[in-house]
Amino acid sequence: VYEARDDVRQLVRVLEIRREGVTDEHERRELLRRVSTLRDERLKDDAGAFATLSEFVPLEPDDATVRERFVEIGRRLGEHEKMAKVLTAAADACGTPPTQGEILMVVAGICEDMLNDLDRAEAVYRRVLGIDPGDPNLVVPAAQALARIYTGKGKHEALAEVLAVEVGLEADLDKRRSLYRRIGEVYESVLDAPDKAIGAWRSRTSDDPEDLEALAALERLYE
């Protein structure tokens, strides 16, 4: 009746009442989807849509469109902590490794950029590293983010380790050369660990045995 009369507010109230009594999970998800859409698109009710999506997103973690809308509304409302918690729950419920990693990268970004909680962001990025250590699409962005955090914190040992993780999955030769240079410099100049610096530069010569920069660094380190 309310739908025929285009009485959206009353329709939403009826759907909410139905949702409270539903025991079937599929029906519950569909009601949440419908209510969130009505609140967002018809009522322009950011707070109401965000509240409904907060319940819905963990139930449908693979729905990228719903997640993106949730994040967009949450940013507009400044609900950064709630966004991080809901998306973490969605990642926990997600059984698809690439999607789980994608969700967690958003969580880590919220923690780093919006909540200014670098320790929490670091923990989430490290969780991404462990989802599928052999997948460069997951690991490389997380490793790069950790390198940025460790550089800012002055955690040089951890920086060298995460750079090694990145270079192990990097296919581009120029990027590998740059990463090996950085690892070698951190071990030689900052950590005073010449043996590990030698290891980095020797690994670089595995890509190109005639690498003059690497050979010069090795000559210096062996002196």
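This is a predicted model: local features need pLDDT of at least 70, side-chain atom pairs count only at pLDDT 80 or more; totals for chains, interfaces and linings use all residues.
Residues are numbered from 1 along each chain as its sequence is written, and side-chain values use heavy atoms, with hydrogens and water left out.

Axes here are lines fitted to C-alpha atoms, for helices over the stretch in contact, with angles running from 0 to 180 degrees between N-to-C directions; helices are DSSP runs (H or I, at least four residues), numbered from the N terminus. The crossing of α11 and α12 is left-handed, that is, the near helix is turned anticlockwise from the far one by less than a right angle. In contact (heavy atoms within 4.5 Å) are P194, A197, I198, W201, R202, R204 and T205 of α11 with E213, A214, L215, A217, L218, L221 and Y222 of α12. These residues comprise 10 nonpolar, 1 polar and 3 charged, where Ala, Val, Leu, Ile, Met, Phe, Trp, Tyr, Cys and Pro count as nonpolar, Asp, Glu, Lys and Arg as charged, and the others, Gly among them, as polar.

A further pair to look at is α3 and α4. Helix α3 (residues 46–56) packs against helix α4 (residues 64–77) at an angle of about 135°, with the axes 10 Å apart, and the two are therefore oblique to each other. Their crossing is left-handed. From α3, the contact draws on D46, A47, A49, F50, L53, S54 and F56, and from α4 on V66, R69, F70, I73, G74, R76 and L77. By class, the contact of α3 with α4 holds 9 nonpolar, 2 polar and 3 charged residues.

Turning to the cysteines, a search of the whole structure finds 0 disulfides (pairs of cysteine sulfur atoms within 2.5 Å). The sulfur of C94 has its closest cysteine sulfur in C111, 18 Å away and so too far for a bond. C94 counts as buried at 7% relative accessibility, and C111 counts as buried at 0%; buried means under 20% relative accessible area, exposed over 50% and partly exposed in between, with a 1.4 Å probe and protein chains only.

Finally, K85 is found in helix α5 (residues 80–93) and counts as exposed at 53% relative accessibility.

Key. Angles under 35 degrees count as roughly parallel, over 145 as roughly antiparallel, 65 to 115 as roughly perpendicular and the rest as oblique.
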